[in-house]
Amino acid sequence: MVNVVDESTSSNSPISFIHDPSSPLFLLSSDVPRVSLFSTPFSGTGFRGWRQNMIVSLSTRNKIGFIDGKIVKPRENSPQFRQWDRCNNMVISWLTNSLTPDIAESV
């Protein structure tokens with residue numbers, strides 16, 4: 001675990017970030033929000049194939065626990081909360097960007 005000063009807080013208090021590539025809380029620099037994890041977004045048909053592709057994509061990024069409930073949200077005062085929140089938001093972004101706009105809007 002690496003302690004890093006988070007400059008976005010007013011107190012500049014140290015916040016612990018997990019900097020371990022095997023951790024589900026670790027993000028690569030290539031993990032960005034506006035990415036679709038695969039080329040064909042879900043349009044309302046072919047759910048089984050889309051679901052399988054999503055599971056494989058999230059598993060390879062060690063993020064499947066965010067959708068199956070195995071990675072539990074830490075308390076807000078936990079040192080890992082902000083890192084968990086960031087990863088969770090990334091997974092949500094990947095999911096919504098893997099849907100057609102009309103379906104994403106209804107989710």
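Is the crossing of helices α1 and α3 left-handed or right-handed? In this model, the crossing of α1 and α3 is right-handed, a label given when the near helix is turned clockwise from the far one by less than a right angle, anticlockwise being left-handed.

Before going further, let me say that this is a predicted model, in which local features need pLDDT of at least 70 and side-chain atom pairs count only at pLDDT 80 or more, while totals for chains, interfaces and linings use all residues. Residues are numbered from 1 along each chain as its sequence is written, and side-chain values use heavy atoms, with hydrogens and water left out.

Let me begin with the overall picture. The protein chain has four helices and two strands, where helices (H or I, at least four residues) and strands (E, at least two) are DSSP runs numbered from the N terminus, and their order from that terminus is β-β-α-α-α-α. The chain has 107 residues, of which 34% count as buried, meaning under 20% relative accessible area, with exposed over 50% and partly exposed in between, for a 1.4 Å probe and protein chains only. Of the contacts with a separation of 6 or more, 62% come from residues 24 or more positions apart, contact being heavy atoms within 4.5 Å.

Now back to the helix pair. Helix α1 covers residues 47–60 and helix α3 residues 81–97, and they pack at an angle of about 150 degrees with axes 12 Å apart; axes are lines fitted to C-alpha atoms, for helices over the stretch in contact, and angles run from 0 to 180 degrees between N-to-C directions. That angle makes α1 roughly antiparallel to α3, given that angles over 145 degrees count as roughly antiparallel, under 35 as roughly parallel, 65 to 115 as roughly perpendicular and the rest as oblique. On the α1 side the contact is made by Trp50, Met54 and Leu58, and on the α3 side by Val91, Trp94 and Leu95. Those residues divide into six nonpolar, no polar and no charged, where Ala, Val, Leu, Ile, Met, Phe, Trp, Tyr, Cys and Pro count as nonpolar, Asp, Glu, Lys and Arg as charged, and the others, Gly among them, as polar.

Trp50 also leads us to the aromatic residues. The structure holds six aromatic pairs, counted when ring centres of Phe, Tyr and Trp (its six-membered ring) lie within 6.5 Å, with planes under 30 degrees apart called stacked, over 60 edge-to-face and the rest tilted. One of them joins Phe38 and Trp50 edge-to-face, at 6.4 Å centre to centre and 70 degrees between the planes. Phe38 lies in the loop between β2 (14–17) and α1, 12 residues from Trp50 in helix α1, and both Phe38 and Trp50 are buried. Phe38, Phe42, Phe47 and Trp50 form one aromatic cluster.

Phe66 and Trp84 form a pair that is tilted, because their ring centres are 6.0 Å apart and their planes at 35 degrees. That pair links helix α2, which holds Phe66, with helix α3, which holds Trp84, 18 residues apart, and both residues are buried.

Finally, what does Ile71 touch, not counting residues up to four places away in sequence? Ile71 touches Pro24, Gly65, Phe66 and Trp84, and Ile71 sits in the loop between α2 (65–68) and α3. With a relative accessible area of 19%, Ile71 is buried. Although Pro24 is 47 residues from Ile71 in sequence, the C-alpha to C-alpha distance is 8.0 Å. Gly65, in helix α2, is buried as well, with a relative accessible area of 7%.
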